[in-house]
Amino acid sequence: MNRDAYDLITSSDSAEARRAFEQAVYGLATHRPSTGASLQATLAADPDHVAAHALTGFANLILARSELAASAETALAEARAALTRKNGGTADEQILVKALATANQGSFSGAVDMLDRGFADRPATFLPFKLSHALRFMLGDAAGMLTASSRAVDSLDSASLSAGFVFGCYAFSLEETGRYEEAMKAGRKAVALQPDDSWGLHAVSHVFEMRGQTQEGVDWLESSRSAWSRCNNFSFHMAWHLALLHLERGDHERVLQLYDDEVRPQQTDDFRDMANAVSLLWRLNQMGVHVGSRWHDLAGIARARRWDTTLIFAALHNLAALVAIGDRVGAAELVTEIEEKATGTGDQARVAAEIGVPMARMLAGLGAPADRQMLDRVIVNLPKIGGSNAQRDFFVLALAKAVGSRGDNAGISRIRHMRRHLKAEDRLIRSIEQSAGMRLSA
């Protein structure tokens with residue numbers, strides 16, 4: 001048995017595999033594009049590196065694409081075979097493999113519970129901690145993220161290589177639960193400990209955005225470009241945050257420039273890239289900005305993926321792209337797929353039933369919540385879609401727009417009031433009120 005630099009105990013005897021896997025974990029923590037190559041190097045040095053097979057499986061699941069389910073299953077089979085050849089492997093490896101099996105069955109929540117229980121005595125062991133954090137993020141479980149990251153911080157050795165990364169996750173968890181001052185302190189500490197921690201940088205940018213501190217947010221992101229610009233497509237997301245700050249400042253030309261050069265520099269179909277692009281173009285449209293033909297590449301991708309409801313968060317963004325170009329047939333087909341998903345089992349089926357179906361119908365113009373009780377239920381359930389408060393704000397704004405189009409000024413006011421608990425009032429909610437003919441509050 002060997003303990004690596006991130007406190008994971010593995011059965012691999014290969015020093016080369018250990019170094020490569022540590023690079024893979026570092027790449028995961030820093031959102032570097034080299035992570036996949038590091039995993040390949042790990043398996044080249046030790047084809048039976050159990051944790052590398054498990055991480056490969058989780059990486060496929062987190063991409064939330066229906067066609068990658070088979071790849072995740074293959075990784076699980078290879079991890080199990082490697083365990084057998086390693087005489088059962090270590091307890092750490094067994095937990096990772098069992099959690100992957102549970103996640104493959106459609107239960108990210110069950111996988112999270114397994115990781116938490118399995119590493120209860122070592123909650124800062126970085127790989128299972130980061131995987132749990134990522135899965136909870138996709139589940140919208142901010143409270144769970146905070147509980148887990150608080151435990152990790154309390155047990156953390158400040159000299160550990162992962163200390164900055166753990167504090168970055170802690171900062172993000174604090175921000176997502178509205179504890180902005182604490183999040184700011186934790187995020188700054190994360191970056192001080194580990195300047196390459198883009199998740200910590202990201203957490204601080206969220207605080208500035210939620211507080212409406214646009215100039216401070218722009219300065220923070222611009223001053224940290226040397227770190228986040230080296231990321232994989234997470235750099236597109238960081239640029240998205242920068243664009244939102246400029247949008248609030250009314251600098252639409254800068255927003256469009258950021259969209260073309262940094263938010264959407266490649267026409268990828270990664271759901272995270274699509275979410276950035278769709279939600280930003282929707283906001284620009286709402287502000288009366290002409291976006292030219294920019295919707296069309298998004299709509300083409302959305303059409304190709306209209307049958308994929310692996311992740312409801314992704315499906316709803318695809319739906320918004322179809323609606324934006326007036327593809328009623330494609331939109332109706334995707335709504336039907338989400339309704340069908342709601343009849344199934346697993347985490348995402350429950351998400352579809354509780355929030356996906358009403359949100360899909362609203363986005364497609366098939367009706368908005370008609371009464372106060374239903375409206376409240378939709379907003380309360382919204383975190384279950386996953387993502388961050390900043391990402392889900394797109395759905396909040398779209399919901400306000402939908403109820404406003406029905407002349408429900410009371411509904412807009414209610415959404416606005418509930419939104420204030422997390423985010424400072426901004427130009428977008430005011431523009432929605434204006435388009436609904438409401439009188440702006442002082």
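Student: Where is the place of Asp7?

Tutor: Asp7 sits in the loop between strand 1 (2-3) and strand 2 (9-10). The model is predicted, and the values below are computed from it. The backbone at Asp7 has a positive phi of about 75 degrees, although Asp7 is not a glycine. Most residues other than glycine have a negative phi. Asp7 has a relative accessibility of 22%, so it counts as partly exposed; the cut-off for buried is under 20%.

Ala64 also has a positive phi, about 55 degrees, and is not a glycine. Ala64 lies in the loop between helix 3 (50-62) and helix 4 (69-85). Its relative accessible area is 9%, so Ala64 is buried.

Now the charged pairs. The structure holds 39 salt bridges. One of them joins Arg230 and Asp196, with the closest N and O atoms 2.9 Å apart. This pair links distant parts of the chain, 34 residues apart. Arg230 is in the loop between helix 13 (225-228) and helix 14 (234-248). Asp196 is in the loop between helix 10 (180-193) and helix 11 (198-211).

Next, Asp297 and Arg264. Their side chains meet in a salt bridge, 2.8 Å from N to O. This pair, too, links distant parts of the chain, 33 residues apart. Asp297 belongs to helix 17 (residues 294-304). Arg264 is in the loop between helix 15 (252-263) and helix 16 (271-286). Both Asp297 and Arg264 are buried.

Arg416 and Glu433 form another salt bridge, at 2.8 Å from N to O. Here the pair runs from helix to helix: Arg416 is in helix 23 (residues 409-419), and Glu433 is in helix 24 (residues 427-435). The partners are 17 residues apart, and the pair links distant parts of the chain. Arg416 and Glu433 are both buried.

Last, a network. Salt bridges link Arg65, Glu67, Asp269, Arg305 and Asp308.

Terms used: Residues are numbered from 1 along each chain as its sequence is written. This is a predicted model: local features need pLDDT of at least 70, side-chain atom pairs count only at pLDDT 80 or more; totals for chains, interfaces and linings use all residues. Side-chain values use heavy atoms; hydrogens and water are left out. A salt bridge is a side-chain nitrogen of Lys or Arg within 4 Å of a carboxyl oxygen of Asp or Glu. Helices (H or I, at least four residues) and strands (E, at least two) are DSSP runs, numbered from the N terminus. Buried means under 20% relative accessible area, exposed over 50%, partly exposed in between (1.4 Å probe, protein chains only).
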